[in-house]
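Good morning, colleagues. Today I would like to speak about the aromatic side chains of one protein model.

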Amino acid sequence: MMTGNIGGVLVVVYERKATWEGFHFSQSFISPTVNMLLLLLLMILDGSQAQRVSGLQKNDACLCEVNSTMWSFPAVKYESVLQQVQTCEGFLRNLLEQVGISSERLPQIQAQLTNVTARLKPYQYLHHQGLYAALSLRQLGEELSQLETDISTINSQLNNAQTQKLSKEVSKLRSSVNRMETTDIINMKTVKEKLRYLKNSVESCKSIPTDFRRKDGYCVKGLITSISEPVTTKVAPHGKSYISGSWGKQAQMDAEEETNSYWVQPLLNSHIYGNTLRVYQTYEDFMTSTHHKDYTFAPSYTDPKAIEGPNAVLYGDALYYHCFRSADICRYELKTNTVKRVTLPGTGVGFNNKFPYCYYDCRLNSDVDVEADETGLWAIYATIGNHGNLVVSRLHWDSDAETLNVTQTWETRLFKKAVSNAFMVCGVMYATRYMDDYHEEVFYAFDTMTGKEDNTLALPLEKVAKGVASLSYNPTNRQIYMYNDGYLLAYQAHF
């Protein structure tokens, strides 16, 4: 037993290395410093008081009877305090580690801040000097001037109610821009949206053939009202391990050759690149995988004439597709084995997986999509200038000059990566989205004739696998063809 005096109170401490009230511990259990901390905490937390007893002097000694039960070791409190101390030690260690990590990260954060500050300085200067807004306004003014020229030319040729209305709208927009320049009140978003609308309206008034709107009565029925269950289901001839590619029926309505031929274009390299085309003369040959002919339109997968992404369409006696690592559309003629190309218009045309079809999972390098319908050939893609939203361009093959051209371009407000695929029907672009592993849904339509869009559609599409590599419409039989992760599906469209 040890005795001591703390604060005028007699303290009796027992030294035992066995069991106190069922609690066992050893000297090596915790460090001396923690022992002292525990003792102090126990003294503070203990609500008992000192005991006073009477003594009896006997033989030069003072005898007293002391009740030692009040000093029994508080094992339960000891466990509680020990747990608090250990928890505190754990928190301190974690805090020290976090401080260490923060100390290491601070120089990196400082370097990033310095870099961003340096990059921001030129724009801050332009902002403070009032030049940034003025420069953007000047660019819009130049676009508007070009639009005024186009509308003036079209109005002089057609001079109908629609062109006159466009002329008035452009005049109003010019007045708004002039007012912004003088009053320094700038609403760039409103002006850009108005300019986009007018551009689309001008494109709709341009060189659209007068016969395509009523051709065989196909395009007088309005939008698609429903899509059937798959009427054709087949594994791709190269095997279902090749999950990306395109397929369908020859799509030119007045084709003189290959009228009933079916074709498959698989992406045999990394599910991204290809250089071969397989053609079957009849539907029966296609279903039985017999009597086919293979074409090689590029010597390698990395040749400039190779195909990139699942996007092709066989139109007449030529295959149209997205050229390897470029913003170009290629035309491969089966008879002559020659390739012609044209560059798509727009600022920063997306390719090489910049703006692929996504929604749920992105389909690698599906940036540019080539489609066919009753009106002809189309390219669907996205540009930086249109903020990654879908752009639709009309393609035209000039057989006399043997050149591939882009005649018209429309800009939409639908973000391309929010779409799983798209196709064209009667000049209307339809977009799809992922529903689940066995269903897609047509949810959006953009009409190039009016520039109007409809996002209220809900047309289901059944599938047998999760991913959709390509989706295209064929005007000769009004069927929609899907390359579904190595499975070839066909549907009937109803109007």
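How many aromatic pairs are there in this model? The model is a predicted one, and the count of aromatic pairs comes to 13.

Let us begin with W247 and Y481. Their rings form an edge-to-face pair, with 4.8 Å from centre to centre and 80° between the planes. The angle explains the name, because planes over 60 degrees apart count as edge-to-face. Where do W247 and Y481 lie? W247 belongs to strand β9, residues 245–249, and Y481 to strand β29, residues 479–484. The pair therefore ties together parts that are 234 residues apart in sequence. Both W247 and Y481 are buried.

A second pair consists of Y283 and F286. This pair is tilted, at 6.4 Å centre to centre and with 40° between the planes. Here both residues lie in helix α6, residues 283–288, and they are three residues apart, about one turn of the helix. F286, with a relative accessible area of 0%, is buried.

Finally, I turn to charges placed over rings. K416 lies over the face of Y357, 3.7 Å from the ring centre.

Thank you for your attention.

Conventions: Residues numbered from 1 in each chain as written. Predicted model: local features only at pLDDT ≥ 70, side-chain atom pairs only at ≥ 80, totals over all residues. Heavy atoms only, no water. Phe/Tyr/Trp six-rings, centres within 6.5 Å; stacked < 30°, edge-to-face > 60°. Helix = DSSP H or I, 4+ residues; strand = E, 2+ residues; numbered from the N terminus. Buried < 20%, exposed > 50% of the residue type's maximum accessible area, 1.4 Å probe, protein only. Lys NZ or Arg CZ within 6 Å of the ring centre and 35° of its normal.
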